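Thanks for coming. I will take the sheet and its helices to begin with, then the aromatic rings.

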Amino acid sequence: MPREITAYSNPLIKRIRSLREKRHRREEGLFLAEGLRILTEAREAGRIPEFLFFARDSAAHPLVQALVAAVEAAGGEVIETVPDILSKLSGKDNPQAVVGVFAEFTRTLESLDRNSAGIWLVAERLRDPGNLGTILRTGDAVGAGGLILIGECVDPFSVEAVRASMGALFTVPVVQCDWAEFLAWLRGGRGQLVGLSLDTDTNYRAATYAAPTFLLTGNEAQGMPDAYAAECDLLVKIPMLGKADSLNAAVATAVMAYEVLGRG
């Protein structure tokens, strides 16, 4: 049976609230996710939270009941609370009906099957959690094999990135590694590395893509380093017909992913 917590001073509330900070997420190996849609996506993907907080006025919702049953069956803890506590946990003035606390999960390059998908997404020094979440959603939408994060990227388990992914964090494999590791793994098998760059004359609509295609997006402000661009099998650009010199990183990734998908 769920237990009830309504006091801000409760030690568990303080502990869970601290997971909004990266240092505490790393220490605990836990992260926060909120909202019925995201937690339902997680449950359907086989990811069950260790703690589930839900607002008492949402207890009758069938999706909440399904989550409660799944957490209890897995040996997790279910806590009934009030919207103010959920707001404190999520950092939002208008909190979702449920907040889940999950164990962080990581993948390695060696665990990936490059032949399982025709498209893979690679992001280098991505800084914005909204961009990371959106790229994950794109990956889910196009059936990408996974998202490979190169270098010092934003934490994919931050509250903002998880929220922006709309559940795709639980459906798209994510690997974090450095450039040398990625390149060695990539060149150990099939795979075309395609970089999004302004320093090329090759229009993305005119290029030839070979599966599996690894789409490399550089840092939002600086693009990709020259050394990385030199390792790409193909550099392509999306024409800018207005005054803007480039697209947002997540938008450019989506445009490219659907172009490659359309060639399949």
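Angles between elements run from 0 to 180 degrees between N-to-C directions, with axes fitted to C-alpha atoms. What you see is a predicted model.

Now the sheet. There is an open sheet of 5 strands, in the order β1-β4-β3-β5-β2, and its pairing is mixed. At the edges are β1 (3-4) and β2 (30-34), each of which pairs on one side only. Inside the sheet, strand β3 (residues 51-55) runs antiparallel to strand β5 (residues 98-103), and the two pair over 4 bridges. If you want a place to look, find Leu52, which stands opposite Gly100 in β5.

Which strands does helix α3 lie across? Helix α3, residues 36-44, lies across β2, β3 and β5, and runs at about 35° to β5. Helix α5, residues 83-90, also packs on the sheet, where it touches β2, β3, β4 (77-81) and β5. The direction of helix α5 makes about 135° with that of β3.

On to the rings. A pair of aromatic rings is described by the distance of the centres and the angle of the planes. Searching the whole structure gives 13 aromatic pairs. I will show two of them.

Take Trp120 and Phe214. Their ring centres are 5.8 Å apart and the planes are at 15°, so this pair is stacked; the cut-off for stacking is under 30 degrees. Trp120 sits in strand β6 (residues 119-124) and Phe214 in strand β10 (residues 213-217), so the pair links parts of the chain 94 residues apart. Are these two residues buried or exposed? Trp120 has 1% relative accessibility and counts as buried. Phe214, at 0%, counts as buried too.

The other pair is Trp179 with Tyr228. Here the centres are 4.0 Å apart and the planes are at 10°, so these rings are stacked as well. Trp179 belongs to helix α8 (residues 179-186) and Tyr228 to helix α9 (residues 226-231), so the pair ties together parts 49 residues apart in sequence. Both Trp179 and Tyr228 are buried.

Last, two charges over rings. The charged end of Arg47 sits over the ring of Phe105, at 3.9 Å from its centre.

That is what I have.

Key
Residues numbered from 1 in each chain as written. Predicted model: local features only at pLDDT ≥ 70, side-chain atom pairs only at ≥ 80, totals over all residues. Heavy atoms only, no water. Phe/Tyr/Trp six-rings, centres within 6.5 Å; stacked < 30°, edge-to-face > 60°. Buried < 20%, exposed > 50% of the residue type's maximum accessible area, 1.4 Å probe, protein only. Lys NZ or Arg CZ within 6 Å of the ring centre and 35° of its normal. Pairing = 2+ DSSP bridges. Contact = heavy atoms within 4.5 Å.
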